[in-house]
Amino acid sequence: MYEHLETAENPDKLKRVVIDPVSRVEGHGKVTLLLDENDQVKQARLHIVEFRGFERFIQGRPYWELPVLVQRLCGICPVSHHLAAGKAIDQLVGVDPENLPIAATHLRKLLHFGQVLQSHALHFFHLASPDLLFGFDSDIAKRNIIGVIGAHPDIALQGVKLRKYGQEVIRVVSGKRVHGTAAIPGGMNKPLSKSDRDYLLTDIDQIIAWTASAVALVKTLHCSNRSFYDEFASIPSHYMGLIQTDGALELYHGGLRAKDTEGAVIFDHVDYCKYNDYIHEQVKSWTYMKFPYLLSLGKENGWYRVGPLARVNNCDFIDTPLAEAARIDFKQHFESPQVHSTLAFHWARMIEALHCAESIKQLLNDPVTLSTDLVTQGEKRFEGVGVIEAPRGTLFHHYQIDENDIVTRANLIVSTTSNNTAMNESVRQVAATYLNGRELNEALLNNLEVAIRAYDPCLSCATHAMGKMPLAVELVDNEGKIVDRLVKSSSSHIAAA
Amino acid sequence: MTQTFMLDGLAIPFEDGQTIMEAAIAAGHYIPHLCYHPDFTPYGSCKLCNVNVNGKICAACTFPAMAGQTVISESEEQNRDRQRITQMLFVEGNHFCPSCEKSGNCQLQGVAYHLKMTDDHFNHQFPHREIDASHPDILIDFNRCIFCALCVRASQEEDGKAVFAISGRGINKRLIINSDSGQLKDSELTVNDRATHICPTGAILIKHTAYQVPIGDRQFDHHSISEVSMDQDSSAP
């Protein structure tokens with residue numbers, strides 16, 4: 001819809017405006033705008049400027065290191081990488097998800113719900129709420145979590161305590177709030193003690209109440225300026241994510257479902273081990289982040305969104321009562337088969353936080369969760385795929401090993417990567433709608449950041465285009481004339497151009 | 001009449017033939033070390049146990065205790081030197097504690113904490129060393145070898161096999177494996193050998209056991225290396 005703003009025809013003749021870095025997101029990215037003499041936006045891009053390279057340097061390591069090693073991709077959602085890698089290495093020891101001991105599955109879900117809860121709380125209260133509570137163009141000096149603490153201490157404190165609770169769940173299961181150990185091949189390394197279970201149960205009703213309040217708060221904000229919230233950075237898109245067999249919202253394990261802009265199913269209950277038959281990635285020369293797309297729809301039209309909005313859009317229902325009531329209310333508000341409002345990510349995110357809190361209570365009250373039967377083994381395999389719904393969306397880990405248990409190949413499709421085209425499209429929409437022809441200032445430029453922030457991108461997780469980025473090298477003489485030009489394609493083919 | 005020497009101002013009794021390290025351990029005093037193990041011949045390579053003996057620096061694990069010695073171990077100077085030595089051990093190999101399966105059970109990490117090492121100080125050398133994962137049950141990650149030669153001594157003195165040796169000098173020093181192919185799979189090493197279990201770092205590992213001990217239950221999670229070491233070394237036969 002706004003693709004024409006991806007690449008300007010004569011960039012060297014345009015004025016350049018840069019937001020560097022994009023603030024209140026995880027990782028490092030920048031936005032560049034190219035404007036003509038009338039301040040009309042001709043090009044708008046979100047660039048990911050950091051590089052990680054995990055897919056390469058885990059090659060040569062023993063596979064059992066993967067969950068602990070790869071979780072270092074991130075300090076916010078390491079549990080997602082830990083569990084996705086854990087699910088993949090289960091397969092390497094011959095254990096499919098349905099054969100994992102029930103208690104191990106419960107503990108992994110508990111760990112995951114704790115993580116999604118703390119990550120969603122971090123994003124909504126610490127990163128996004130300053131924009132939403134004070135206004136996108138409010139005083140920048142107060143547009144931060146410290147400002148929220150000063151003006152809305154009760155809301156800020158709830159955010160801090162929600163995050164703390166989620167981190168306590170993580171600590172109890174994995175030994176540390178950040179970067180613990182839990183998933184091992186075929187199971188988990190520690191049972192949940194009764195005392196730890198009782199400790200977590202102590203505050204869970206309060207946590208559920210606070211997450212329900214957060215859903216109400218984000219709804220109030222959305223309804224306070226409904227048309228603006230509905231339209232800001234809004235882009236019709238496809239959506240993809242995991243789904244339970246019965247169509248319920250799923251965060252830990254399920255099949256892949258994709259729906260189009262009208263809510264029609266593109267594919268459903270797909271075995272995620274066959275993801276490569278459905279999703280491919282392309283690379284572009286101006287960013288380290290790849291651009292995934294649905295293979296059946298092609299590079300141009302196959303881009304999609306993942307994350308809370310995608311999951312709430314795609315599911316038929318949520319299997320916890322308060323979150324399901326919130327989902328129905330959410331859908332009724334928009335009165336359309338699929339919700340395309342980018343700011344609705346916040347609403348969907350808090351519905352998921354409520355679902356996580358309810359699910360944690362269910363798991364803690366289930367006696368099976370305390371079982372010490374935690375590990376099983378099967379026959380060795382040489383390839384494993386683990387997929388999970390991370391806070392920011394569907395996360396793929398795919399590994400191959402040799403006969404000596406050493407990793408020979410790795411492919412990660414990280415949640416934020418799947419939203420790459422969508423984030424750029426939202427940036428272009430905001431630039432075209434709100435910035436065109438206006439004299440730019442910080443408050444206006446913050447609109448671009450608000451659009452990006454809605455996706456809760458984790459840019460540090462999502463940069464894996466090593467060796468595949470197309471490059472162009474130009475030799476220019478002292479009068480600006482191009483003497484020679486070489487182009488390296490994504491397949492590493494080098495040719496004169 | 002009991003013979004004694006002075007260690008950090010305390011009279012330490014000793015028997016003829018004991019090293020300063022042995023006498024100190026017997027008296028309940030910890031001297032930081034990595035290559036020393038009470039079950040094997042002292043080697044004196046890591047230099048962490050260096051102490052000041054009557055004004056001269058000596059390795060406590062090899063230097064004999066003698067009556068009238070004045071030995072200084074717990075001084076600012078000695079511990080600063082030990083910290084520097086430990087930092088060198090870290091930068092000479094590739095020791096990435098955050099993902100290492102030996103973390104929490106690693107003596108190198110434990111002694112670094114004991115010496116309050118908070119950074120590497122020196123530039124990392126990032127040597128390129130391959131893993132030997134050829135053995136079905138045992139893996140050697142040469143990146144983490146500190147050349148303490150405990151595996152060499154354990155294999156020779158207890159297992160009677162001579163699976164390992166240290167080859168080369170200086171920066172070219174490396175652990176080698178006694179087999180026709182030079183690979184572990186063709187050596188005599190088995191999972192029950194003492195040499196398989198003696199490594200103080202994460203260089204020699206039993207396959208398929210990583211991270212099974214949860215955080216909180218690992219050796220150094222609740223006890224410092226000085227406590228663990230005194231408990232183990234003093235109970236050795």
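How many residues does the contact take from chain A and from chain B? The contact takes 18 residues from chain A and 15 residues from chain B, where two residues are in contact if their C-beta atoms, placed from the backbone, lie within 7 Å. On the side of chain A that touches chain B there are six nonpolar, seven polar and five charged residues. In this classification Ala, Val, Leu, Ile, Met, Phe, Trp, Tyr, Cys and Pro count as nonpolar, Asp, Glu, Lys and Arg as charged, and the others, Gly among them, as polar.

The model is predicted: local features need pLDDT of at least 70 and side-chain atom pairs count only at pLDDT 80 or more, while totals for chains, interfaces and linings use all residues. Residues are numbered from 1 along each chain as its sequence is written, and chains are lettered from A and ligands numbered from 1 in the order in which they are written.

Turning to chain A as a whole, it has 15 helices and 17 strands; these are DSSP runs numbered from the N terminus (helices H or I, at least four residues; strands E, at least two). Chain A has a radius of gyration of 23 Å, close to the 23 Å that the globule rule gives for 497 residues, so it is as compact as a globular protein of that length. The radius is taken over C-alpha atoms, and the rule is 2.2 Å times the number of residues to the power 0.38.

Strands pair if DSSP finds at least two bridges between them. S12(A) and S13 (residues 393–401) of chain A are joined in the antiparallel sense over eight bridges, and A:Ile388 stands opposite A:Leu395 in S13(A).

Angles run from 0 to 180 degrees between N-to-C directions, and axes are lines fitted to C-alpha atoms, for helices over the stretch in contact.

H3(A) also packs with helix H4 (residues 102–134) of chain A, at an angle of about 155 degrees and with axes 9 Å apart. That makes H3(A) roughly antiparallel to H4(A) (over 145 degrees). The residues making this contact are A:Val79, A:Ser80 and A:Leu83 of H3(A) and A:Arg108, A:Leu111, A:His112 and A:Gln115 of H4(A).

Notes: Parallel < 35°, antiparallel > 145°, perpendicular 65-115°, else oblique.
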